[in-house]
Amino acid sequence: MWELVKAGGWLMTPIVVCSILALVIIIERSHTLQFNKIVPNRLREQLITRLRENGDIGRTQLMNVKEKTPLGDILATGLLYRQYGLDSMTMHMQNRASVQVHQLEKNINMLGTIGAIAPLLGLLGTVLGIISSFLAITDGAMQDPTMLAAGVSQALITTAAGMIVAIPALVAYRYFQRRIIDINAQFETQAGLMIQELYDYQLLDNTHASTISLPANGAETTKTKGYELSLDTSDLETAATAT
């Protein structure tokens, strides 16, 4: 193996570095992007069951759920802001989902970049190898075929090495992209089902209207969109008498 690397010339060094980086990223993302670690089974059902039984979930328990898994982070965030209404709950869950997807995409673009530049490095090695072969011909390689063979071998080795690195990198890149899309779909599905179940079991707190009261004698109260407005009629009666 080392002899092949030496025969490929100096361009084999960046190709080998790319292969090491690609291997590390593939192993790390394969370990991280596992459904059972990101979207645990029955997590939503457990949270809804606890809400139905106890009426609420403590903040400490929700924070523990947030820290364990990405889906737990999204669902627990929604429950933490449940008291502020559906809009606030949905907005915070969407924000956390965006953060989690961004973290899941870590180093994925690097893998795609390696898959794109590795063949170019191999092609560059091919061009340099052919150039060195033609230079050897002008220097009398027809009498010494080994001078011509050195350039040809460099061209073939770098091309093959670039392809060997690029093909697995591109396959893994596409696979991880598809996996992240599926995970994001699960995030949306689980969050939507939790909101629906909160409605079905009447667990969504919508009573967050403000109340304004102005005590006065002879006041008439008018309710508008959840606010109580007190209108004092004594001043109106006095003004009417004066006229």
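Guide: Let's start with a word we'll need: a residue is buried if its relative accessible area is under 20%, exposed if over 50%, and partly exposed in between (1.4 Å probe, protein chains only). This is a predicted model, where local features need pLDDT of at least 70 and side-chain atom pairs count only at pLDDT 80 or more, while totals for chains, interfaces and linings use all residues. Residues are numbered from 1 along each chain as its sequence is written, and side-chain values use heavy atoms, leaving out hydrogens and water.

Visitor: Okay, is Gln 100 buried or exposed?
Guide: Gln 100 sits in helix α7, residues 86-104 (helices are DSSP runs of H or I with at least four residues, strands are E runs of at least two, and both are numbered from the N terminus). Its relative accessible area is 8%, so Gln 100 counts as buried.

Visitor: And which residues does Gln 100 touch, leaving aside neighbours within four places in sequence?
Guide: Contact here means heavy atoms within 4.5 Å. By that rule, Gln 100 is in contact with Pro 70, Asp 73, Ile 74 and Phe 187.

Visitor: How do α5 and α6 run relative to each other?
Guide: Helix α5 (residues 59-68) and helix α6 (residues 70-80) pack with their axes 7 Å apart, at an angle of about 155°. Axes are lines fitted to C-alpha atoms, for helices over the stretch in contact, and angles between N-to-C directions run from 0 to 180 degrees. Under 35 degrees is roughly parallel, over 145 roughly antiparallel, 65 to 115 roughly perpendicular, and the rest oblique. That's why α5 and α6 are roughly antiparallel.

Visitor: Now α9: is Val 171 buried or exposed?
Guide: Val 171 is found in helix α9, residues 145-200. Gly 115 is 56 residues away along the chain, with 8.7 Å between the two C-alpha atoms. The relative accessibility of Val 171 is 55%, so this residue counts as exposed.

Visitor: Zooming out, what share of the protein chain is buried?
Guide: The chain has 10 helices and two strands. Out of its 243 residues, the buried share is 35%.
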